[in-house]
Amino acid sequence: MRGEYKVPGGKLVAAEVEVAEGRLSRVHVSGDFFLEPDDALEDLNAAVTGMPVTADAAALGQAIGGALGPDVSMIGFTPESVGIAIRRALGRATGWQDHTFDIIDPVVLDPAMHVALDEVISREVALGERPPTLRFWDWDSPLVVIGSFQSVRNEVDEAAAERHGIGIVRRISGGGAMFMEPGNCITYSLAVPASLVEGLSFERSYAFLDQWVMGALADVGISARYVPLNDIASDKGKIAGAAQKRFASGAVLHHVTMAYDIDAEKMGQVLRVGKEKLSDKGIRSAAKRVDPMRSQTGMARADIIHAFADHFRAHYATRDAGYTDAELARARELVDTKFSSREWTHRVP
């Protein structure tokens, strides 16, 4: 059996394995990486030979790391990347090319519905009821979406939010607050099976799941890079932030919000944003707008979203899809019973 893994920003690792009595009886690793000294490859292969087929990528990587001496240099790959390639050979991990993705173009909804749909779609992906899904948000009213572990009191001036007619909803993923008025940012959600990030730490999974959008940004004229843990930046500063949620049932939700044209003065009134956060968001004056996607591309928001979807379609197997009546009904139920409730919104004091 053979599996491959392309290290983000690094090299390709391939693993050919044979199995006997529930263990790896033969392992041969190859690729376009660099390894010094040459004979360390034999030690690498030997380190995982005999391990159980149930060993995860982390355990396989630990075995390799423990077997290679301090004089060994692995360039363009890591012990964990070898573990991922082995897991793929065993059919336990998957790659982008192993899936057909649903793409859902923007549908204007109450923004709280999109927060709820993140949970609905992710749980369906975990159960195999829907394939991996990339969906773009569009909404008809302003909202502050706070991270799962943020305090409303610390993050939002509720009186200012009410004055501006802006709602507050807590999402299921961590990270910071999102100030969302219609048309002011670009948000997408990617729900994938956990097998796609098998063996990756949280930090590495952010980079891995953001990899495609770096190419999409290049298509619209922005040279972007991933900034650990969860930011995307150009040479002019931060343009996006990501958040992630892993479900025990076997799915990963990864969503990204990019600033298109945000009213920084209003955001400063509604969000309790300290000086460090203002600097991080590239805001020099509260009277200015935060508009990296508009100013750096010169494109309409809808055209950028269209370019992103086209880029994804060009690189992966996809099919156009929409929301089912059952999904929308379940999302409405979650909005009514969970996401609009004070118990959920204020669950962190």
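Start with helix 4 (residues 111–127): it lies across strand 6, strand 7 (133–139), strand 11 (185–193), strand 14 (237–247) and strand 15 (251–259). Against strand 7, helix 4 runs at about 170°. Bear in mind as you look around that this is a predicted model.

Those strands belong to an open sheet of 8 strands, and the order to trace is 12-13-14-15-11-7-6-18, with mixed pairing. At its edges sit strand 12 (224–227) and strand 18 (317–320), each of which pairs on one side only. On average, neighbouring strands of this sheet are turned by 25° against each other, direction ignored. Now go to the strand 18 end. Strand 6 (residues 100–109) and strand 18 run parallel and are joined by 4 bridges.

Strand 8 (residues 143–146) runs parallel to strand 9, with 4 bridges between them. Isoleucine 146 has arginine 170 in strand 9 as its bridge partner.

Where they meet, 10 residues of domain 1 are in contact with 7 residues of domain 2. The two domains bury about 690 Å² between them, 53% of it on carbon and sulfur atoms. On the domain 1 side, Pro8, Ile84 and Arg88 lose the most area to domain 2, together accounting for 45% of what that side buries.

Finally, look at the packing inside. The largest nonpolar core has 67 residues, and those with the most contacts inside it are Leu24, Ile86, Trp96, Trp212, Met258, Met293 and Phe308. Helix 7 (residues 202–219) gives the largest share of this core, 8 residues. Both domains take part: the core draws at least three residues from each of domain 1 and domain 2. Take methionine 293 as a way in: leaving aside residues up to four places away in sequence, its contacts include Ile186, Leu217, Met258, Tyr260 and Phe308. Apart from this core lies another, of 31 residues, with Ile121, Trp137, Val145 and Val169 among them.

How values were computed. Residues numbered from 1 in each chain as written. Predicted model: local features only at pLDDT ≥ 70, side-chain atom pairs only at ≥ 80, totals over all residues. Heavy atoms only, no water. Pairing = 2+ DSSP bridges. Helix = DSSP H or I, 4+ residues; strand = E, 2+ residues; numbered from the N terminus. Core = buried A, V, L, I, M, F, W, Y, C linked by side-chain atoms within 4.5 Å. Buried < 20%, exposed > 50% of the residue type's maximum accessible area, 1.4 Å probe, protein only. Domains from an automatic or database assignment. Contact = heavy atoms within 4.5 Å. Buried area = accessible area lost by both parts, 1.4 Å probe. Axes fitted to C-alpha atoms, helices over the stretch in contact; angles between N-to-C directions.
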